[in-house]
Amino acid sequence: MRRQTTSCKSNFHREAAKSAKVFLQSGLCAFAVGLCFFATGANAAEVRFDGSYRLRFNSDTNLTLDNSNFTSGQSHWLEHRLRLTPKIVEIGDQGGAEIQASFDILSGIFAGDVANDFRGYGLTGLSVRNGFHAAGFDFRHLFAQVRTSTGLFAIGQMPSQWGMGMLTNSGNGEDNVDFGDVRYGDIVDRILFATRPLTGVLGPKSELAKQIAVAVAADLIYRDRYAQLVVDNGGGLQWGDIAWQGVAALLYDPTERTRAGLYLSRRVQSFAAQGGDLHVWIFDAHLRHALPLESGLLLTLEGEAAEVYGGTSHAPNLSALGTTRVNQQGAALRLGAAKGRIEGELEGGYASGDSNPFDDQSNGFMMNRDYKVGLVLFDQVLMFQSQNAARRLSDPNLSGAPPLGLDVLPTEGAVTNALYLKPTVRWNQPAAGGTVRLVGSALFAWAPQPVIDPYQSLVSSASLNSFGHTAGRNYGVELDGSVGYRGRIGGPLAFEAGVQAGYLFPGDAFTRADGRRMPGAVASRVRATFTF
């Protein structure tokens, strides 16, 4: 029964790949036409070459990942990234237009340790030195958008972002997180139209008409956590996963300080190499509000909550053939207070867990990989442990062929199976024409479901963690701190330099087979970033 379904999906995959190719070619043609238009007819058009270069020296604990003493293999390394974002922008009395591209010229590790090989699962970029190789080049965006009195129209390959970025995150920006780096970004080939529909009904002077907007989009997903349209098979590029998505969004923004929105998406995906399919509904709500007080205190609130519901055959379902039911929930809330140079924030988050990855239910919600919560627990320890579980499950001595869905087991740094609280304090001090910034944070994290290791649980038929001990639910406490300086060199050229460090005090989720806790884990980052 599964073979028949897979064959049918394989035929669909090939036909969809042809359609995808046409879609990409159409987008590139639209870009070329727009480029010629602006270059020849728009005296007011501004041509810019924005970009950034970031350099990192990283020092982490070489983590022991399981009871066989297999390690992450990485302690000290240097990595960098050079990103260029050329733009052509024209702003007129009745609207404006923009053509934008983005690509990484250099990206990856160029010195120091590389991580052990996890048979291609998870964040493979840490296991190779691509910092000065062609493999470090990454084409990201190429799109055009036009804004008129009717609305906004956009077409091409572009970033995808919604709300706080908890579920859909563009991965753009260099200093929009306190700890760690955004390194992925959700990218879609999209046709989008956004408008304020009540303007034509209530009139252009209506306040309500100005406050409500709707957007609709049709997407072919180029790259995100669950799909990659184009893959390198070692001998060249070929079509990978084909994921189509329809998106609708409703926004209410009465003032600059208040915004609320609802996001609805229907995703239908065929995985590469006859890997099954995915069909889900995504519901996401976002709210943001700022309240300035007469005392000078600024209170802020921002929250996002999401539900993913549907089914997939791309999962290691060993209990029954056919579709695995997807039912996942996630939420994040930030409460802030700022006055003068001091900022305080309390963030809480929830991501549903899954205590049995081999049944017919997929309940583990993964926040976006670029939604950062701390420096050590999610970004290092759980990332490497989940990659190691996929590596062990893919061992040919365990089964003739790896079960489907192993590629989605690694978290790649995402928050999953977690309930956390994170108080943060920031202090900003003007100095030498720039700003010194100090940040201190504590992360308290627990798991809604036992923190099981898929490999250990499969071979033992019991709920065990990666070290072979009974699975616990307390991740422990992480302390993070950073000091940095941001300044402007001249014109558009600016820089940021600093140091970040974090230490994890492990909880019972990391108890070893002999009853002792895993040693504490350290991560540090020496950072330098130039933007232009």
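This briefing covers model confidence, a surface patch and aromatic pairs. The structure is a predicted model. Mean pLDDT for the chain is 91, and 92% of the residues reach 70 or more. A nonpolar patch lies on the surface, and the whole structure holds ten aromatic pairs.

**Confidence**
- Residues 1-10 keep a pLDDT under 50. The model gives this stretch eight contacts beyond four places in sequence.
- Residues 38-42 also stay under 50 in pLDDT. Here the model has seven contacts beyond four places in sequence.

**Nonpolar surface patch**
- The patch is formed by Leu 287, Leu 301, Leu 333, Leu 335, Leu 346, Tyr 350, Leu 419, Leu 421, Phe 444 and Trp 446. Together they have about 810 Å² of accessible area.
- Four elements are listed as giving two or more residues to the patch: strand E14 (324-339), strand E15 (342-351), strand E17 (418-431) and strand E18 (434-446).
- Leu 335, one of the patch residues, sits in strand E14. Leu 335 counts as partly exposed because its relative accessibility is 40%, between the cut-offs of 20% and 50%.

**Aromatic pairs**
- A search of the whole structure finds ten aromatic pairs. Among them is Tyr 503 with Phe 505, an edge-to-face pair. Their centres are 4.7 Å apart, with 65 degrees between the planes.
- Tyr 503 is partly exposed, at 31% relative accessibility. Phe 505 is partly exposed too, with a relative accessible area of 42%.
- Phe 70, Phe 118 and Phe 384 form a cluster linked by ring pairs.

Definitions and conventions: Residues are numbered from 1 along each chain as its sequence is written. This is a predicted model: local features need pLDDT of at least 70, side-chain atom pairs count only at pLDDT 80 or more; totals for chains, interfaces and linings use all residues. Side-chain values use heavy atoms; hydrogens and water are left out. Patches are made of residues with over 30% relative accessible area and no salt bridge: like charges are joined within 9 Å, nonpolar side chains (Val, Leu, Ile, Met, Phe, Trp, Tyr) within 5 Å. Accessible areas come from the Shrake-Rupley method with a 1.4 Å probe; for residues, only the protein chains shown count as cover. A salt bridge is a side-chain nitrogen of Lys or Arg within 4 Å of a carboxyl oxygen of Asp or Glu. Buried means under 20% relative accessible area, exposed over 50%, partly exposed in between (1.4 Å probe, protein chains only). pLDDT is the predictor's confidence in each residue, from 0 to 100. Contact means heavy atoms within 4.5 Å. Rings of Phe, Tyr and Trp (its six-membered ring) pair if their centres lie within 6.5 Å; planes under 30 degrees apart count as stacked, over 60 as edge-to-face and the rest as tilted.
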